[in-house]
Amino acid sequence: MFKKNNMEVYPVIVPASNKLKSFNFFLVKHKNSLTLIDAGLNTDDCWNALQKTLKKYDYTLTDLTGIYLTHHHTDHIGLVNRILSTHSIPVYAHPYAILVLKRDTEYIKMRVEFFRKLYQEMGCGENGEKHVTDLRNPIILDEDKKIHCEIQDMNDHPFWGFDLLEIPGHSPDQVAFYNKECKWLFSGDLVIENIPSNAFVEPDFNGVRTKSLVQQKLSLEKCLSLNVELIFSGHGNIIENPADLLKERIKEIDEKANKYQNTIKSGKSTASGIAQFLYKE
Ligand SMILES: [Zn+2]
């Protein structure tokens, strides 16, 4: 448990069998509110860990007053439907996340079309076509990953005591919640202690490709400028005095960009060519 200035944080840490090490989400107690930041995976392990953490501090599910989501990825929104099926509380997300989580038909069509064109332009051949087919089906059919309740725009409902920071890169909708007094930052998957976080290729609202690696670097720099004391990360350990780690992650992005640039200079002219050269399979 973390306690400072009338604010308490109860982390829910669920071990993962992969390199992410754990799935983390957080209960934040302040005055009469008990807010959940992110909601893990939709698994019994996450569900039981949430209940156990609540019980440890003398709460139950019905004490929860709201849920704020750092981004739309499956491992951060998993329990929203289960929690809402016990009692109704407001759920807040970035407008982009709302489109994804509500499985907006226009958005899905736009995203599939975006990847179809991108893979074609980048010379991805059959592998690209296969991925587009893979994208099309689960996105539409994965009912359990759709959020059934109403989701509200977090810009209209600020999280009390926290500044809302846009930190795109890992996903276009990723946000951080920053408490200035405590110097605490909840930043989803922006920075993970044990592994570098990926910057994924995604379209923006208008179907235009985001420069996600550049965004990721800017987001890391934004967080570095805050002099944060604690980062409550979406995976792995909670990070104390993260400045050196943030600098390391920024350096890794520059190195990655250089590696790609040199590969292009050496004559690999398509994304497919670069990927096969650098990652083999
Ligand atoms: Zn994650």
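R249 sits in helix α8, which spans residues 243-265; helices here are DSSP runs of H or I with at least four residues, strands are E runs of at least two, and both are numbered from the N terminus. The model is predicted, so local features need pLDDT of at least 70 and side-chain atom pairs count only at pLDDT 80 or more, while totals for chains, interfaces and linings use all residues. Residues are numbered from 1 along each chain as its sequence is written, and side-chain values use heavy atoms, with hydrogens and water left out.

Let us stay with R249 for a moment. Its relative accessibility is 9%, so R249 counts as buried (under 20% relative accessible area, with exposed over 50% and partly exposed in between, using a 1.4 Å probe and protein chains only). The R249 side chain reaches the backbone oxygen of E193 at 3.1 Å. Leaving aside neighbours within four places in sequence, R249 is in contact (heavy atoms within 4.5 Å) with V191, I192, E193, N194, I195, P196 and L220.

On a 1 Å grid over the protein atoms alone, a pocket is an open set of points with protein on both sides within 12 Å along at least five of seven lines, a cavity is a set where a 1.4 Å probe fits but cannot get out, and lining residues have an atom within 4 Å of a point. Points are joined across faces, edges and corners, and a volume is the space filled by probe spheres set on them. Helix α8 gives the largest share of this pocket's lining, four residues, and α7 (212-224) also supplies at least two.

The largest cavity holds about 40 Å³, and its lining includes N24, F26, D38, F186 and F232.

H76 in helix α2 (residues 74-77) and H235 in the loop between β11 (230-232) and β12 (239-240) link distant parts of the chain, 159 residues apart. Both H76 and H235 are buried.

Note on methods: Polar contact = N/O pair within 3.5 Å; in protein donor to acceptor, adjacent residues only side chain to side chain.
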